[in-house]
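Hi,

Here is the structure I promised to pass on. Please open it first, then read my notes below.

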Amino acid sequence: MHCIGSRLMEPALPTVSDDTSDRDEGNAAHWLAQQLFDGVDIPAGTKAYNGFVITNDMIDHVQTYLSELDVGEMEVDTSWTGAGFEIAGRCDHRKWNTRTGVLTVTDLKYGHRIVEPKMNWTLISHAIGTVLRLQIKPKFIKFTIYQPRGFHPGGENRSWNIGYDDLMSYMYAVIDRLSDPTDELTTNEFCGTCDANGHCPAARKAGYNAIDASDIALSDDMTIEQIGNELDLLELAHSTIKNRLDAVTELATHKVTNGAVMNGRMMQDKYAHKKWKPHVTSDMIKMITGVDVSKDGMVTPAEAIRRNIPKEMVNGLVDRPFIGTKLVKVDPDAQARKLLGK
């Protein structure tokens with residue numbers, strides 16, 4: 001709905017990471033919610049269906065989430081179809097109250113990236129699917145996001161309410177959008193998670209426009225309304241530039257890593273901070289040097305050098321693990337002189 005042309009865009013980079021830990025954790029939280037909702041006791045240490053180990057923190061978060069819910073249904077199919085399209089959906093929780101005429105749709109978000117209930121097309125689609133499947137006409141629809149680990153001034157439990165007529169207007173907007181889809185690319189707040197951002201022409205133009213917008217001068221005689229509007233504009237510009245910078249940096253890193261030469265940029269090894277080798281103890285160092293390096297176990301290697309232990313000795317007792325590479329900006333002339341030993 002935000003960018004209909006994105007469905008035609010190929011990812012800018014091949015998938016190189018098989019790390020699914022965040023997704024597995026979220027799926028485990030939803031599995032735990034279903035089990036506890038059904039009355040099954042799940043102690044900490046239990047493995048979810050996907051092998052993720054349930055922790056005490058997850059149990060606390062999910063129990064709080066369930067305490068916020070009215071009796072209803074968990075994991076409900078809300079799929080629906082239109083002319084030439086089908087939308088698959090599964091709602092985390094929904095409650096249709098025939099007495100009050102209120103339909104409640106709730107989503108559990110266990111990640112840290114903030115998700116808002118307002119104009120959340122996933123929640124809207126769940127409500128549309130429910131209305132069509134149950135053939136009901138709610139007075140109000142309440143959309144709720146419960147997100148225990150993403151800090152938000154609105155709290156963990158955030159809601160947005162609309163009327164039935166509003167829901168129908170959104171349904172017709174979806175039908176209009178998907179029945180005759182165009183190839184239009186539209187930048188929005190979700191560009192930061194789009195796999196095609198690195199080579200998206202709309203994102204490139206938006207980045208240049210954002211640079212222009214961020215260059216606006218601040219005048220002392222601006223009204224408070226003008227200042228507020230400019231803050232909104234600059235925050236949007238900052239977000240647009242950052243999304244584009246992250247995407248292009250990732251694309252450049254991939255190409256340089258695979259042999260491309262970029263003037264003024266190169267891959268540089270990254271190392272973690274120095275740390276003592278596993279067998280090194282404060283008693284060992286004191287026995288060798290006579291210097292006491294014990295401080296809640298042991299001082300850092302840098303502090304040991306400041307206590308007059310020879311740097312060469314410290315370097316022989318520490319590790320600095322390799323943690324990957326990073327694309328950095330370099331002076332080509334200086335780099336050439338360094339390579340030539342000049």
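Start with the largest nonpolar core. It has 25 residues, and Ile124, Phe143 and Leu167 touch the most other members. A nonpolar core here is a set of buried Ala, Val, Leu, Ile, Met, Phe, Trp, Tyr and Cys residues joined through side-chain atoms within 4.5 Å. Buried means under 20% relative accessible area, exposed means over 50%, and partly exposed lies in between (1.4 Å probe, protein chains only). Strands S3 (85-87), S5 (102-108), S6 (140-146) and S7 (157-163) each give two or more residues to this core, and so do helices H3 (121-134) and H4 (164-179). Helices (H or I, at least four residues) and strands (E, at least two) are DSSP runs, numbered from the N terminus.

A second, separate core has 19 residues, including Ala33, Ile59, Tyr110 and Tyr146. In soluble globular proteins, nonpolar side chains tend to be buried together.

Before going on, two ground rules. This is a predicted model, where local features need pLDDT of at least 70, side-chain atom pairs count only at pLDDT 80 or more, and totals for chains, interfaces and linings use all residues. Residues are numbered from 1 along each chain as its sequence is written, and side-chain values use heavy atoms, with hydrogens and water left out.

Now some single residues. What does isoleucine 124 contact, leaving aside its neighbours within four places in sequence? The list is Met119, Phe143, Trp160, Leu167 and Tyr170. Contact means heavy atoms within 4.5 Å.

Threonine 130 lies in helix H3. It is buried, because its relative accessible area is 0%. With neighbours within four places left aside, threonine 130 is in contact with Thr78, Arg94, Leu103, Gln135 and Ile136.

Glutamate 25 sits in helix H1 (residues 21-37). Is it buried or exposed? At 18% relative accessibility, glutamate 25 counts as buried. It touches Phe52, Met58, Tyr110 and Arg149, not counting residues up to four places away in sequence.

Next, the cysteines. A disulfide is a pair of cysteine sulfur atoms within 2.5 Å. By this rule the count is 0. Cysteine 191 counts as buried, at 16% relative accessibility. Cysteine 91 is buried too, with a relative accessible area of 0%.

Then look at the second largest pocket. Its volume is about 340 Å³. On a 1 Å grid over the protein atoms alone, a pocket is an open set of points where a 1.4 Å probe fits, with protein on both sides within 12 Å along at least five of seven lines; lining residues have an atom within 4 Å of a point. The volume is the space filled by probe spheres set on the points, which are joined across faces, edges and corners. The lining has 13 residues, and Ile241, Arg244, Leu245, Val248 and Thr249 lie nearest the centre. Helices H5 (201-213) and H6 (224-257) each supply at least two lining residues. H6 gives the most, with 6 residues.

Glutamate 75, in strand S1 (residues 73-77), has a positive phi near 50 degrees and is not a glycine. Asparagine 308 also has a positive phi, about 75 degrees, without being a glycine. Asparagine 308 is in the loop between helix H8 (301-306) and helix H9 (311-316). It is exposed, with a relative accessible area of 68%.

Best wishes
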